[in-house]
Amino acid sequence: MASPARRNCLLLVLLGALALSGCARPVGDFGRAEADPVHDRLMPLAGTARASLAGEPVSAFNLSDQEREMRDRIWRYLVAPHAFDWFGASIVELQRTRLLPVSGKGPRIDRYYDWLHRQSFASSRTRYARIGDDVTVDIEMMPSAFASICAVLEVDRQRGVAANGLADLDEATRRDAAARQAENDTQIDWFTAAVRNRYESYSYALDHLLVETPHQEAVRVNGLLSELAADLEQAERGDFCAGGGAAFNDGAAAEIPSRELTPRQPALKGS
């Protein structure tokens, strides 16, 4: 257990960093992160201090090109600026900069549907189309995310070979190597949990729209969710180096519970 002085120091670090943060990470075109001194330097510096005081693995190593690329690639799955705060972008930013530890518990899966429900779309079809568009982007970006994770796994393998093979390597460097691998593992697990949360959020939204405003467009969205389910299954297996994405699964998409109408129910018409 941390000493009172250590807890007080940790509290001061958190309070100061929270005052600095104020909002989620700024984004530019296409939802990409924008460079920002507060979010890219000051908050990570405070977050590293917080993590160290909390006894979490903290490496003094510089990020490799592959590690930096992976963090940039997976970031879009952790937040959803196109749907505003349905993924709790502010909390994600605090976790990204280590001002808060990464939590294994994702945001509520009803937030995405709630956001869709509140929007004044011109027709019922548009809500389904929006889910389809969001799922499609997730699927299309998955191969590059998988490839970046695979590259980091190889870096960690090479790092481990070097650390174990150099007899005169100092202990501090070995600790940094182990801490960096732990940090990378946390990032990868976070990505996988985020993809699971996105899939469940989309599924929740589709199920509720089927009751609220039935429409034949649901069939297309359901098919896209089957593709995303294949990516999710691959990620949860830790199989990031098989090419990445559903396109590398020999066309076999994982099955999901059917949402098709039974023969006794009337066919859906445009609403």
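User: In which helix does Arg 71 have its place, and which residues is Arg 71 in contact with once its neighbours within four places in sequence are left aside?

Analyst: Arg 71 has its place in helix α3, where helices (H or I, at least four residues) and strands (E, at least two) are DSSP runs numbered from the N terminus. Leaving aside its neighbours within four places in sequence, Arg 71 is in contact with Leu 63, Glu 183, Asn 184 and Gln 187, contact meaning heavy atoms within 4.5 Å. Arg 71 and Arg 96 are 25 residues apart in sequence, while their C-alpha atoms are 9.2 Å apart in space. This is a predicted model, in which local features need pLDDT of at least 70 and side-chain atom pairs count only at pLDDT 80 or more, whereas totals for chains, interfaces and linings use all residues. Residues are numbered from 1 along each chain as its sequence is written, and side-chain values use heavy atoms, with hydrogens and water left out.

User: Why are α3 and α7 called roughly parallel to each other?

Analyst: Two packed helices are described by the angle between their axes and the distance between the axes. The axes (lines fitted to C-alpha atoms, for helices over the stretch in contact, with angles from 0 to 180 degrees between N-to-C directions) of α3, residues 65–78, and α7 come within 9 Å and cross at roughly 25 degrees. Angles under 35 degrees count as roughly parallel, over 145 as roughly antiparallel, 65 to 115 as roughly perpendicular and the rest as oblique, and α3 and α7 are therefore roughly parallel to each other. Their crossing is left-handed, the term for a crossing whose near helix is turned anticlockwise from the far one by less than a right angle, with clockwise giving right-handed. Among the residues that meet here are Met 70, Arg 71 and Ile 74 in α3, and Glu 183, Asn 184 and Gln 187 in α7.

User: What makes α3 and α6 roughly antiparallel, and which hand does their crossing have?

Analyst: The axes of α3 and α6 come within 9 Å and cross at roughly 150 degrees; since that value lies in the range over 145, α3 and α6 are roughly antiparallel to each other. The crossing of α3 and α6 is left-handed.

User: How do you know that the buried residues of α5 are on the same side of the helix?

Analyst: In α5, residues 111–118, Tyr 112, Tyr 113, Trp 115 and Leu 116 are buried, where buried means under 20% relative accessible area, exposed over 50% and partly exposed in between, with a 1.4 Å probe and protein chains only. They cover an arc of only 160 degrees around the axis, which puts them on the same side of α5, the arc being that of the directions from the helix axis to the C-beta atoms. What covers these buried residues includes α6 (124–165) and α7 (171–212).

User: Why is Leu 206 called buried?

Analyst: Leu 206, in helix α7, has a relative accessible area of 0%, and is therefore buried, the limit being under 20%. Leu 206 and Arg 127 are 79 residues apart in sequence and 9.3 Å apart from C-alpha to C-alpha. In the chain, buried residues make up 39% of the 271 residues.

User: What makes Cys 150 and Cys 241 a disulfide, and why does each count as partly exposed?

Analyst: The sulfur atoms of Cys 150 and Cys 241 are 2.2 Å apart, and a disulfide is a pair of cysteine sulfur atoms within 2.5 Å, so this pair meets the definition. The structure holds one disulfide. The pair links distant parts of the chain, with Cys 150 in helix α6 and Cys 241 in the segment after α8 (218–236), 91 residues apart. Cys 150 is partly exposed with a relative accessible area of 21%, and Cys 241 is partly exposed with 47%; both values lie between the 20% and 50% limits. With 115 degrees about the S-S bond, the link is right-handed.
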